[in-house]
Amino acid sequence: MGISVRKKWWGKGLGTRLMEEAIAYARDVAHLEMITLTVNTSNVRAIELYRKFGFTRFATFTNHSKIGGVYADCDLMSLKL
């Protein structure tokens with residue numbers, strides 16, 4: 001799973017609200033046992049948000065994607081529901 005918030009809306013609690021809803025849906029409607037996601041290792045704001053909800057990193061893919069001509073690493077994170 002993943003979420004995205006436009007930069008002009010950063011800092012207004014939208015990412016937190018989206019995560020709350022996504023986790024509630026996964027747990028209560030979809031009856032999932034775990035959520036996994038990927039996040040670029042340089043995306044500190046997103047990583048902090050995911051950690052706030054209890055996600056932990058379990059792996060890193062090096063050179064996972066190419067952004068602006070530069071290879072970027074990606075963390076895999078999970079949350080046990």
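In which strand is the place of S78? S78 lies in strand β3. The structure is a predicted model, in which local features need pLDDT of at least 70 and side-chain atom pairs count only at pLDDT 80 or more, while totals for chains, interfaces and linings use all residues. Residues are numbered from 1 along each chain as its sequence is written, and side-chain values use heavy atoms, with hydrogens and water left out.

The chain holds 2 helices and 3 strands. Helices (H or I, at least four residues) and strands (E, at least two) are DSSP runs, numbered from the N terminus. Along the sequence they follow the pattern α-β-α-β-β. The C-alpha trace spans about 40 × 30 × 20 Å along its principal axes. Of the 81 residues, 25% are buried. Buried means under 20% relative accessible area, exposed over 50% and partly exposed in between, with a 1.4 Å probe and protein chains only.

Contacts (heavy atoms within 4.5 Å) were also sorted by sequence separation. Among those with a separation of 6 or more, 54% join residues 24 or more positions apart.

Strand β2 (residues 56-67) pairs with β3 in the antiparallel sense over 8 bridges. Two strands pair if DSSP finds at least two bridges between them. K66 has Y71 of β3 as its bridge partner. The hairpin of β2 and β3 has 2 residues between the strands, and G68 takes a positive phi near 60° there.

S78 counts as buried because its relative accessibility is 13%. Leaving out residues up to four places away in sequence, S78 touches M34, I35, T36, G54, F55, T56 and F58. F55 has its own set of partners: beyond its neighbours within four places, F55 is in contact with M19, I23, I35, L37, Y50, M77, S78 and L79.

The largest nonpolar core has 13 residues. Such a core is a set of buried Ala, Val, Leu, Ile, Met, Phe, Trp, Tyr and Cys residues joined through side-chain atoms within 4.5 Å. M19, I23, L37, V39, Y50, F55 and M77 have the most contacts inside this core. At least two core residues come from each of α1 (14-29), β1 (34-40), α2 (44-52) and β3 (70-80). Helix α2 gives the largest share, 4 residues.

The chain exposes about 5800 Å², of which carbon and sulfur atoms supply 52%. Accessible areas come from the Shrake-Rupley method with a 1.4 Å probe; for residues, only the protein chains shown count as cover.
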